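Here is a short tour of one protein model and its ligand. Have the sequence and the 3D view open as you read.

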Amino acid sequence: MCGIFGCILRTDDASSAIHKGLKKLEYRGYDSVGIATLQGNRLFMKKDRGKIDNVHAIHNLDSLPGRLGIGHTRWATHGAPYQVNAHPHTDCKNQIAVVHNGIIENFAELKTELEEAGHTFRSKTDTEVIPHLIEQKMKNGLSLVDAVHETVKRLDGSYALCVISVKEPDKIVCARKESPLVFGVNEDSIYVASDIPAFLAYTNKSVIVHDGELVVLSGKGYEIRNIASWELVKREPEIIDWAPEMAEKQGYPHFMLKEIHEQPLCLRNTLRLQDKYLELMTTFLDRAGEVFLVACGTSYHACLAASYLFSKLSFLATHPIIASEFLEQHGKSVNIDSTLLVVSQSGETADTLEAVESARLRAATVLGLTNVVGSTLTRIARVYICQQSGPEIGVAATKTFTSQLSVLSQLAVRLAKKRGKISHVEIEDIEEHLEQLPDIVERTIQGKEEKVKQLAKKYSGKQVFFFLGRGVSSAVALEGKLKLMEISYIPSLAYPAGESKHGPISLIEDGFPVVFICPKGDTHRSIIGNIMEMKARGASIIAIIEKDDEKIKNLADDYIEIETELPEILSPIPFVVPLQLLAYYMALERGCDPDQPRNLAKSVTVK
Ligand code: AGP
């Protein structure tokens, strides 16, 4: 889960372009960084452990000469985040440099073979076998391109990699298997990266590298070949309609806060999606024998909420399942009548793709909901919908979650119409409220942010939190918990509120903070009972409520009011916003970096 970047420029400052590109990829991993450039037939390299800004302050990453180079920002998998394990990695003579994102599963046996052939290894990484393998091939007379080709054919596992060599200083050779890779072209330069935002400031003409492809980039342009058949592949650049500033902070202190504030716009985008794909996906769901809603993390919470939507609106029973458990729980029962609705903002999460792959092998139908056009999920799904939230840079998913919920709600409403299970009046009511959601979320952010900020200050000393909700709000409780844990590092628990009396309530003591998600509707009466249970044991009640909910206002120690009434089934979208803000301001209160939480990365591309 690293970020890789490379470029070939007309001018002699590739290193500063690479430095800027890596900064845009820092959300993918930030425990060490390195850059290598070529000038004439000399290789220049700087790398060290730590975040890019700290390493730059010590080593000045902009000072390497040359108009061609590669760089890497790391999230360690093999070998602790020390300088020696930072990328780029080189061969014995420091003539070949490689940056890599992914995992080489057979690196141990390759390393033994190369050591027996006289190669000396410096690091504990899996990646270092690649430059030594290429060195060996070139020693046997192969060109750089052929040496990389032969090398990748020996690698098991996942990789997006870029290679440069003093022997052929005019090109960058790249290859991809599973891990994401894309390159951008403009009239006088060429860029390659793990993600489009990294080079969006230079060009919006991008070419996605598909699995099993090798690409040669040079000042003359690019050449794509299929690794297995070695056939040439023709592919024109696609215009990406993301403005560069969409990948900037635009005056917000953090990407997370910017992305929370972008939710009204993103929700409006979800209401403008192409009808034909929504209709096509609805038809597949309608015909499905059984439906699995498969995802990880926040996307899984969207799936859990969707299971209530599909059941309540379209009378469709679905199985929300955490992707990393899919194989164990359903691997054997999946069949040609099974349909997987797979949700992944990045479209690259390895656990999710593994579940999809196993289901495809059993002829199941795969439908995809993602935020990244060209991602692996879009290429393996039978039908996919791109939710149009724009790049999400903050590691904590916010705008992509509410957009996922909006798309899933629209699918459930369409299925309800198709199946005629609920009255037209109810459908119209839900559709009307769906249209109003962007404004409702806008008013919630503008009207409640300050109050949430005060709550974060008040409760920032607490050592543990409970999040409780009933029905569809149990998914919101899980999401509130995840946000608080992942960016403010406060241990938190979340349960369907009815479950709390079967054990978790034993934790409650005076002042124990319990956050209740309480939309009006079928669950309102029961949630009041749960609040009373907690209050009777001294808990501090923080309630997310609807306008004028006097009953809960009188019970709660603190409350955040969502200034509207809406069908309970749509409540997760506005009700999660105060929880996103609570986590953000709690992180600030505790001196944590909301955009780059420790031990995490935006796209989890290893299993
Ligand atoms: C959420 O804030 C986290 N970043 C993480 O749980 C994330 O939702 C999960 O890794 C799934 O990512 P995806 O939607 O890109 O598949």
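How many residues surround the ligand, and which are the closest? The shell holds 15 residues, the closest being Ser299, Ser344, Ser346, Thr349 and Glu486; a residue is near a molecule if one of its heavy atoms lies within 4 Å of it. Please keep in mind that this is a predicted model, in which local features need pLDDT of at least 70 and side-chain atom pairs count only at pLDDT 80 or more, while totals for chains, interfaces and linings use all residues. Residues are numbered from 1 along each chain as its sequence is written, and side-chain values use heavy atoms, with hydrogens and water left out.

| Residue | Polar atom from | Distance to a ligand oxygen |
|---|---|---|
| Serine 299 | side chain | 2.6 Å |
| Glutamine 345 | backbone | 2.8 Å |
| Alanine 397 | backbone | 2.7 Å |

Taken alone, the ligand exposes 410 Å², and the protein buries 91% of that; accessible areas come from the Shrake-Rupley method with a 1.4 Å probe. By class, the shell has six nonpolar, seven polar and two charged residues. Here Ala, Val, Leu, Ile, Met, Phe, Trp, Tyr, Cys and Pro count as nonpolar, Asp, Glu, Lys and Arg as charged, and the others, Gly among them, as polar.

Now for two helices. The axes of α9 and α15 come within 8 Å and cross at roughly 170°; axes are lines fitted to C-alpha atoms over the stretch in contact, with angles from 0 to 180 degrees between N-to-C directions. Therefore α9 is roughly antiparallel to α15, a label for angles over 145 degrees. Helices are DSSP runs (H or I, at least four residues), numbered from the N terminus. Where they meet, with contact meaning heavy atoms within 4.5 Å, α9 residues including His301 and Tyr308 face α15 residues including Glu479 and Lys483. The residues of this contact divide into six nonpolar, four polar and two charged.

Notes:
Polar contact = N/O pair within 3.5 Å; in protein donor to acceptor, adjacent residues only side chain to side chain. Parallel < 35°, antiparallel > 145°, perpendicular 65-115°, else oblique.
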